[in-house]
Amino acid sequence: MLTKAKHTLPDGTRIEDLFNLDTREVSLSTMHDPDLYRIEMEKIFTKSWLLVGHESEIPKSGDYVVRDMAEDEVIVTRDRQGDIHVNLNVCPHRGMHVCTAEAGNTQVHKCIYHGWAFRPDGSFVGAPLEKEKMHGEIYPKEKLGLKKAKVELFHGLIFANWDAEAAPLEEQLGEMKFYYDIMFGKTEGGLEVMGPPQRLTIPANWKTAGEQAACDGFHTLTLHRSQFDIGNFGSDGEVTEEFIPIMTGINVADRGNALRCISAAQTFRMLIGKEKFEDLTVEDRLRKLPPPGIVTDQMKEEMFKRLSKDQLYVASMAPPQVGNMFPNINILFIYAPLPDGTLGSGLLMHAINPKGPDKFQWVTWFFAEKDTPDEVKKAMRSAAVQTGGTSGLIEQDDSDTWPHMTDAARGAMGMTETLKYQAIAGEKRPEGWPDKAKVFAGLSKDDAQWTWWLQYHKVMTK
Ligand code: FES
Ligand SMILES: [Fe+2]
């Protein structure tokens, strides 16, 4: 049984008191407080749709992978009917992890402790020595299955939610679904993962990475400076001490979900020559500089059919590339110029799984459109690993800061400091941009990121 929801920490602090909504400040103590963490587990992580994988990871009947929903391990399975299930990896007998492997194929998950067995849909098959009734006579077999989460697929991404009453995933995505469709739903074949995800543990509070993913733009200039100094992202020599082209773009946000849409012409000015990119038709722009991952003519044609007119417009002007899904997903579907300067891309997603107030598991999936030629997939995977993988240049920069912030939040004085989101530009929708979500065009300021905290505030004080 979960403890009863509270808005108040044991020392009497109300969750509302951790925020100053007028000056847009959040107490740094939020990045460490163990009591707040317990409330987050209850109010956020057992009630939100969480990403646990992609259906291409378990293509066949009986396939499974073991994943995490915050601190809970789950078995993500496919049954004989092709349906996907997400079952708690905890044996209802005495609490052993039923599955101790990371992935595999089986129609029967048998607990190694006393041998209770479960089907891919989580239902209880039985225990050894059937006649002796190891499972007793108090509960019928139907009551002894693994606990199950609700499951929804979004363009092949598998989301799970412990809350049986949860509203559909679409509600959590809000107006941002329009943009996520552009990222994940462009081709007939859809996306597929390239290999198992990378996983590592980072000694930091999950929110350090979670809120950064909601379009923290300013850190590009300093923390990621070296990326641009070595010419990792094109930009045609426009990088200066004070400016990096991809700091400008169009941030879009709704319900704590945020994405930065960045003009392809900005990254690939060298590929479009002297032509005025804006003067081309939507189709011509998309043929010349398609969104990241669209690498064949066939895919371009499919994209024209699958996306709406407004979505094609966005994809042609400034496709969404970097951002998040509330609460704990980081998305990088980025252009990554190849060594010869031509169009390249890397598609990856991270899940930030809390593992205590000052530890999280950082999971990284690498994607390509299924119909991508093999040699291009290889190049995409290298580009993604090199930038956003465990050893990737971008994520090494970012993960340098998160443990420091968490450490700082522990100090008696440190915890009295605040996080400030005071660089606000306000909503600005460029002419022709569709009326979807909140739109912040121009230099990426704190607007989108603040909406992440507003959503956190809303969920935590509900
Ligand atoms: S704990 Fe799993 S069978 Fe006993
Ligand atoms: Fe970053």
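In the predicted model, the contact between the two domains involves 13 residues of domain 1 and 15 residues of domain 2. On the side of domain 1 that touches domain 2, strand β3 (residues 50–54) supplies the largest share, with three residues. By residue class, this side of domain 1 consists of six nonpolar, four polar and three charged residues. Domain 1 covers residues 50–165, and domain 2 covers residues 174–461. The centres of domain 1 and domain 2, taken over C-alpha atoms, are separated by 33 Å.

The largest nonpolar core comprises 116 residues, and V52, V74, V76, A160 and V252 are those with the most contacts inside it. The greatest contribution to this core, seven residues, is made by strand β20 (residues 360–369). Because domain 1 (50–165) and domain 2 (174–461) both give residues to this core, the core lies between them. The surroundings of V52 were also examined. When residues up to four places away in sequence are not counted, V52 touches R67, M69, V74, V76, V86, I158 and A160.

At the level of the whole protein, the secondary structure amounts to 14 helices and 22 strands. Of the 462 residues, 45% count as buried. Among contacts between residues at least 6 apart in sequence, 65% join residues at least 24 apart. The C-alpha trace spans about 80 × 55 × 35 Å along its principal axes. The radius of gyration of the protein is 23 Å, which agrees with the value near 23 Å that a compact globule with 462 residues would have.

Note on methods
Residues are numbered from 1 along each chain as its sequence is written. Chains are lettered from A and ligands numbered from 1 in the order in which they are written. This is a predicted model: local features need pLDDT of at least 70, side-chain atom pairs count only at pLDDT 80 or more; totals for chains, interfaces and linings use all residues. A nonpolar core is a set of buried Ala, Val, Leu, Ile, Met, Phe, Trp, Tyr and Cys residues joined through C-beta atoms within 7 Å. A residue is buried if 20 or more other C-beta atoms lie within 10 Å of its own, exposed if 12 or fewer, and partly exposed in between; C-beta atoms are placed from the backbone. Helices (H or I, at least four residues) and strands (E, at least two) are DSSP runs, numbered from the N terminus. Domain bounds come from an automatic or database domain assignment. Two residues are in contact if their C-beta atoms, placed from the backbone, lie within 7 Å. Ala, Val, Leu, Ile, Met, Phe, Trp, Tyr, Cys and Pro count as nonpolar, Asp, Glu, Lys and Arg as charged, and the others, Gly among them, as polar. The radius of gyration is taken over C-alpha atoms; the globule rule is 2.2 Å times the number of residues to the power 0.38.
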